[in-house]
Amino acid sequence: MKRTPAALWIWYRGTAFRGFQRQPEGPTVQEVLEDSLRKAGVPYPLMPAGRTDRGVHARMQVASLRLPPCYTSEMLSERLPPHLPPDLGLCVARRPPEGFHSQWSASGKEYRYRVQLGGRVAEAWRPFVMEPELEPRLEGRVPTPERVAELLGAAVGCRDFRAFHENSSLRKQRTLESATLHALGGGLFEARLKGDGFGRYQVRYLVGTALLTAAGGLSEERYREALDTGSSIPGFKAPAQGLLLWEVRYPADKDPFPAEERARPPRLPLEPPFISPEEADVQAA
């Protein structure tokens, strides 16, 4: 009998894992998830929409999977969660549209980066937020939100971001659709970056180098030149703890997850880092 395709929407706190991809020195998200799937009666590997690095969190990671004959997505939604650890969870398991592939069908992603630019970090958020005054490259200077927002906005467009990602990533034109900074209250800010694709560490280099430039550690001329020409700069890779894979987007005819579900994800924990204070207020209303 033919195996049935499934699309999984999973979440995880990256502090508990050594990245997504299975490796000899675990635990990794893939290792723990596939082990849990076996316990739930699904002994097959999965394919994620992408791989996150050690310490990076995900509100929405999507994975393609084949289920055994007579095994449904609804059954998986019931049987998998009891086998998952506290820092890894399943929002939805669903049979996707014909031809769906978690990685190749994706049309874009949104990442969010949390950084404290004033006040004190709330204890609940401390493991998931960057504190600029603790970063030696920033020399103890906390940049203003206005400058950070301006510099992030300058990165929007279609270009080769080779100065802002690892050399191991494929060099090609990528489109950064938007890069905005949002106040979440109490001095906590969130950079939101949407694009059709990102190189390895690209979000961390873009946010970190914008912070470095805003703090005076790199000239704005060199920052903008690196964006325009790809010229090498001593950029700053922001720490992993502030980064969150927020959403994976698909064309309407391939998307397994309807808009209302994306707006209010089932089974997603409300505590940090998955929901920001402003969104918690909206959901509570």
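In the predicted model, 11 residues of domain 1 are in contact with 10 residues of domain 2. The domain assignment places domain 1 at residues 4-105 and domain 2 at residues 108-244. The centres of the two domains, taken over C-alpha atoms, are separated by 28 Å. Together, domain 1 and domain 2 bury about 780 Å² between them, and 62% of this area lies on carbon and sulfur atoms. On the side of domain 1, the greatest losses of area to domain 2 fall on Asp53, Val56 and His57, which together account for 58% of what that side buries.

Polar interactions also cross this interface. Four residue pairs are in polar contact between domain 1 and domain 2, and one salt bridge is found across the interface. Asp53 forms a salt bridge with Arg200, with the closest N and O atoms 2.9 Å apart. The residues of domain 1 that touch domain 2 comprise three nonpolar, four polar and four charged residues.

Helix H1 spans residues 29-39, and its buried residues are Val29, Gln30, Val32, Leu33, Glu34, Ser36 and Leu37. These buried residues pack against strand S1 (4-12), strand S3, helix H2 (73-79) and strand S4 (88-94). In an α-helix, residues three or four places apart point the same way, because there are 3.6 residues a turn. Val29, Val32, Leu33, Ser36 and Leu37 are among the buried positions of H1. After H1 comes Gly41, which has a positive phi, near 95 degrees.

Strand S3, one of the elements against which the buried residues of H1 pack, covers residues 57-67 and contains Gln61. With a relative accessible area of 0%, Gln61 falls under the 20% limit and is therefore buried. The side chain of Gln61 makes a polar contact with that of Tyr12, at 3.4 Å. Beyond residues up to four places away in sequence, Gln61 touches Leu8, Trp9, Ile10, Tyr12, Phe20, Pro48, Ala49, Gly50, Thr52 and Leu245.

Trp9 is likewise among the residues touched by Arg262, a residue of helix H6 (residues 259-263). Arg262 has a relative accessible area of 10% and is buried. A polar contact of 3.0 Å links the side chain of Arg262 to the side chain of Asp255.

Pro239 lies between helix H5 (220-229) and strand S9 (243-249). Its relative accessibility is 18%, so Pro239 counts as buried, the limit being under 20%. Apart from neighbours within four places in sequence, Pro239 is in contact with Tyr113, Met130, Glu135 and Arg204. Pro239 and Gly19 are 220 residues apart along the chain, and 14 Å separate their C-alpha atoms.

Note on methods
Residues are numbered from 1 along each chain as its sequence is written. This is a predicted model: local features need pLDDT of at least 70, side-chain atom pairs count only at pLDDT 80 or more; totals for chains, interfaces and linings use all residues. Side-chain values use heavy atoms; hydrogens and water are left out. Helices (H or I, at least four residues) and strands (E, at least two) are DSSP runs, numbered from the N terminus. Buried means under 20% relative accessible area, exposed over 50%, partly exposed in between (1.4 Å probe, protein chains only). A polar contact is a pair of N or O atoms within 3.5 Å; within protein, one must be able to donate a hydrogen and the other to accept it, and residues adjacent in sequence count only if both atoms are side-chain atoms. Contact means heavy atoms within 4.5 Å. Domain bounds come from an automatic or database domain assignment. Buried area is the accessible area (1.4 Å probe) that two parts lose on being put together, summed over both. A salt bridge is a side-chain nitrogen of Lys or Arg within 4 Å of a carboxyl oxygen of Asp or Glu. Ala, Val, Leu, Ile, Met, Phe, Trp, Tyr, Cys and Pro count as nonpolar, Asp, Glu, Lys and Arg as charged, and the others, Gly among them, as polar.
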